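Biologist: Before we discuss the fold, would you kindly show me the sequence and the structure?

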Amino acid sequence: MVLKGRHWVMIWLLAFLVAAGSVVARQTAALRIARALNQTRDSLSSLQSRRAEYERRIRQAASRSVLVPRAQALGLRLPADSEIVIQPVPDTSGP
Amino acid sequence: MAKLTTRVSFIEGSLGVLLLALLVRSAQVQLFQGARWSAEAKQARTEHVVLEAPRGALLDRHGTPIALTQETYHVGIAPNELRDPDHDPEAIARALHLPFMKVEDELSRHYAYFAGPFTAGTVQGLRDVRGVHLEPVLNRFYPSPDFARAFIGRAGEGGQKPSGLERTLDTLLAGTPGAAVVLKDRAGREYDSPARRLQSPVPGNDVELTLDAELQEIAQRSLRLALEKMDADGGDVVMLDPATGEVLAVASERRDGVSRPSAFIDAYEPGSVAKIFTAGALIADHRISLTDRVSGENGKYKMQDRTLVDDHPLPTLNLADAIRVSSNIAMAKFVTRLDHDDEYGMLRDFGLGTPTGIEFPAEASGRLALPKDWSRPTPTSLAIGYEVSVTPLQIAAAYGAIANDGVLLEPTLVREVRAPNGEILYRHQPEPVRRVVSPEVARELRQLLAGVVSSGGTGASAALATFTLAAKTGTSRQVVNGHYKAGAYNASFAALFPADHPQLVVVVKVENPRKGSYFAAETAAPVTRAMLEQALASRTVALDRARLSAVAPAAGVGELEEDPGVAPYVVSWPPAHDTAAPAPPRPVPDVSGRTLRDAVRLLHRRGFHVVIKGWGNVQKTWPAAGAEAAAGSLVTVFGDTPQ
C-alpha cells in the first residue's frame, strides 16, 4: 500500500499528539511528585517541631527544679555521700 | 470591476505594509531588543531566593541538645482569597492561638500578616486553607532556656548580634546560605513546583560543649537556692575537670535577675582563697620548712601600716596551720621570706592578672600589679588575697593546676566540633599553659588544702563522710566604686574533689550574703558540699566512679549527716512514712560468700553504712558477722580479691 498525503498528515498528527501527551503526562507527574515532596517536607518540619516541643517538656519535667520538690513532698530526700556506695570495678588490665 | 481591482490591490498593499511592519518590529524585538525582553520576561516569571542555612546545634558533653535550629513560619493571609470568610478567621485564630478579635481586625486590611514565629505543628492545620500563605523562617530554639543562659547567649535574631558562646562560635555554627530560582505565574504567585537550586545551603557545624547538663543543673539550682536562703546579691559556681581544663558547669546568678556571665567577667579580691598560691611560692623556693612555726600573736598583730586579726587564733602556727585556720598573721610573717619578684612570679604563674583564654567574647583579666608598682603593704596584702583581683574562672584554673600536679591548663568550653556529615573537625586536647610548680610541691599544696576540710579547719563544714576534700575558704571585703563597702563581703570556696587524684575543681562565690553568717565556711562551703553530694548521687555526672571507688575506702569515715540514731533507708514506692524512732543496736548480718552487691543491699536494709575493700565475693566484714553495731554505723566489707 502506497502512503498518500493524507496518511502522512495522519501520521504526523499522531506523532504530535503522542509527543504532546507525553509532555503533559510528565508534567502532571512532576507536579504530583512536587506536591507530595512538599507535603512530606511539611510533615517532617511538623514532626521535628513536635519532637523539639516534647524534648522541651521532657527536659522541664525531668529537671531537678520539678523533681526534687515533688520527691521531697513524698518524703524522699537526696542521699548523703555516706549513703552512696561506689562498687570497685575489677581491674582486667593485668595478667 | 476596475474599482474592485483597485480596492483589492489597496487591501493587499495594506496587508503587505502591515506584514512588513510586523516583520520589522519582530526583527527589532528579536534581534536588537531580544536580550532586554528576555531578561524582563525572566524577571516577571522567576524569582531568586536565598536559602537560609540551618545553624549548627550546641550540645552538652553527653549529646543533650542545648540550642537547636528549627523551621518556623510567619503567616500571611489574603482575605479576598479565603473560601469561607465567615468561618476561616475563627479557625485561623484557634490554630495560631491568637485572640479572635485581633485576627478579625487584621483581616479587615488588604493583607494580614502575623509574624509569629509559629512552629510547624501550629500551622499544620492551616496549610490547606486557601488564602493562607506560610513563609518559612529558621529559628533558634533552646530546649531549656535557662540552661547556662548567660554563657550560651542568644543567636541574635531580628538583626541583633549574637551573644555569649553563640557569638564566639558564630563562624562555626553559621552555615553558608544557598540560592534558588522559583517560577511564578502572571499574578506573581509561585508555582507549586520545586525550586531550581543554584547553590544548596550548607548547614553549620555542630559544637559539643564541655558542659555536663546534669552538673550544670545541680550548680544552677544549688546556687539559686543558696542565694535565696542567704539573701545574697549574687553568686557564681565554676566546676572544671583539672585533668583536661574542661569546664563542666558554670553558673552565675544575680538577685536582680540580670543574666550576666559574672564568673568570667567580674573580678574581685579573693581573700584567703589565694593564700595557697603564696604557700606554693614558699615551698617551691625552699623558703620554708613545714615544721617552721611563727607566733599567732594572740590573734592580733599590729604592723606598721595595719593591724591584722585572725578569726581562729592559735599560739603558734606552721604553714599547714596557717592554711588550715586561714591565719592572716602567719601568712603575713611567712611572706617576708619571699622576694617581691618571687611572690609576683608565683601569682602570675598561677594565671592571676591574665585572661585564661577561654572561648568567650569577653573575659576579665583581673588585676595583679607589677612589683615596681607595689606599696609597702602590698606583699602582705597579696599573701592574704587582697590588692589582687581575679574571676572565679581564674581561681578554678589555678586550683586546677594544683590538682593537675602543678601544670596550669587553659580552660575550655568546647569539646568537639562536628561537620554536618559527622566528620570530626576538632576535638579538645588539654592545652598546658605552663608548669607552675613541681608535682611534689603540688602534692604538698593538696595536703595543706586537705587540712582545711579536716576537723578544726575553716572548711570543715564542706567535709564529706566517705571522700576527702582539699579546699580553701576565703571571705573578703567587697569593693564598691573603688572603696570597701562596710558590712559587705564576698565569700568564696575553692575545692578539689577528691583530695587524692582530684576529678573536679569546684569554685563557689557568694556576694554579700545578708542572712546568717557571711563567712565562706558557713555560706560557700556548705553549697559546695551539697553540690558534690548531688553529683555523687547522679548516675550521669561526668565522674570517673571506678577511680572514686578506689579512693573512697581509703578516705576514712566522716560524720554522718543524719542523727546517728536514725538509720539511713531506701524508700519504697509508694513511700511509707518514716517512724524516725531511734533504732537500737543490731547484729551485723553474715554476708560472707555473697556478691558485693547483695551484701551491700542487705547491710543497707539493716541500717548500716558500707565501705568496700577489694572485689569479688565477700570474705568477711568488720565488725564481724553477729557483732552488735549501732544503726547507721559503718561496716567494712572485704572482698575475697584484694585491691
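Modeller: Two residues are in contact if their C-beta atoms, placed from the backbone, lie within 7 Å. Please bear in mind that this is a predicted model.

Biologist: With which residues is B:Leu496 in contact, leaving aside its neighbours within four places in sequence?

Modeller: B:Leu496 is among the residues with the most contacts inside the largest nonpolar core, together with B:Met239, B:Leu469 and B:Ala471. Once its neighbours within four places in sequence are set aside, its contacts are B:Tyr399, B:Ile402, B:Ala403, B:Arg446, B:Leu449, B:Ala470, B:Ala471, B:Pro502 and B:Val505.

Biologist: Which helix gives the most to this core?

Modeller: The core in question has 153 residues. Nine of them, written 9 in the count, come from a helix of chain B spanning residues 392-403, namely H16.

Biologist: How many residues has the other core, which lies apart from it?

Modeller: Among the members of this other core are B:Ile77, B:Ala120, B:Val123 and B:Leu126. Its number of residues is 12.

Biologist: Why is chain B described as more spread out than a compact globule?

Modeller: Chain B contains 20 helices and 28 strands. For its 643 residues the globule rule gives 26 Å, and the radius of gyration is well over that, so the chain is more spread out than a compact globule. The C-alpha trace spans about 145 × 70 × 50 Å along its principal axes. The radius of gyration itself is 36 Å.

Biologist: Within what arc do the buried residues of H20(B) fall?

Modeller: An α-helix has 3.6 residues a turn, so residues three or four places apart point the same way. In helix H20 (residues 596-605) of chain B, the buried residues include B:Leu596, B:Ala599, B:Val600 and B:Leu603. Seen down the helix axis, the buried residues line one face, because they fall within an arc of 95°.

Biologist: Which exposed residues does the face turned away from the buried side of H20(B) carry?

Modeller: The buried residues of H20(B) have a cover that includes strands S25 (609-613), S26 (615-622) and S28 (634-641) of chain B. The face turned away from that buried side carries the exposed residues B:Arg597 and B:Arg605.

Biologist: In S18(B), which residue is the bridge partner of B:Leu209?

Modeller: In strand S8 (residues 206-209) of chain B, B:Asp206 and B:Glu208 point one way and B:Val207 and B:Leu209 the other, and all are buried. S8(B) pairs in the parallel sense with strand S2 (residues 58-59) over 2 bridges. S8(B) runs antiparallel to strand S18 (residues 414-418), to which 4 bridges join it. Within S18(B), the partner of B:Leu209 is B:Val414.

Definitions and conventions:
Residues numbered from 1 in each chain as written. Chains lettered and ligands numbered in written order. Predicted model: local features only at pLDDT ≥ 70, side-chain atom pairs only at ≥ 80, totals over all residues. Core = buried A, V, L, I, M, F, W, Y, C linked by C-beta atoms within 7 Å. Buried ≥ 20, exposed ≤ 12 C-beta atoms within 10 Å, placed from the backbone. Arc of directions from axis to C-beta. Rg over C-alpha atoms; globule rule 2.2 N^0.38 Å. Pairing = 2+ DSSP bridges.
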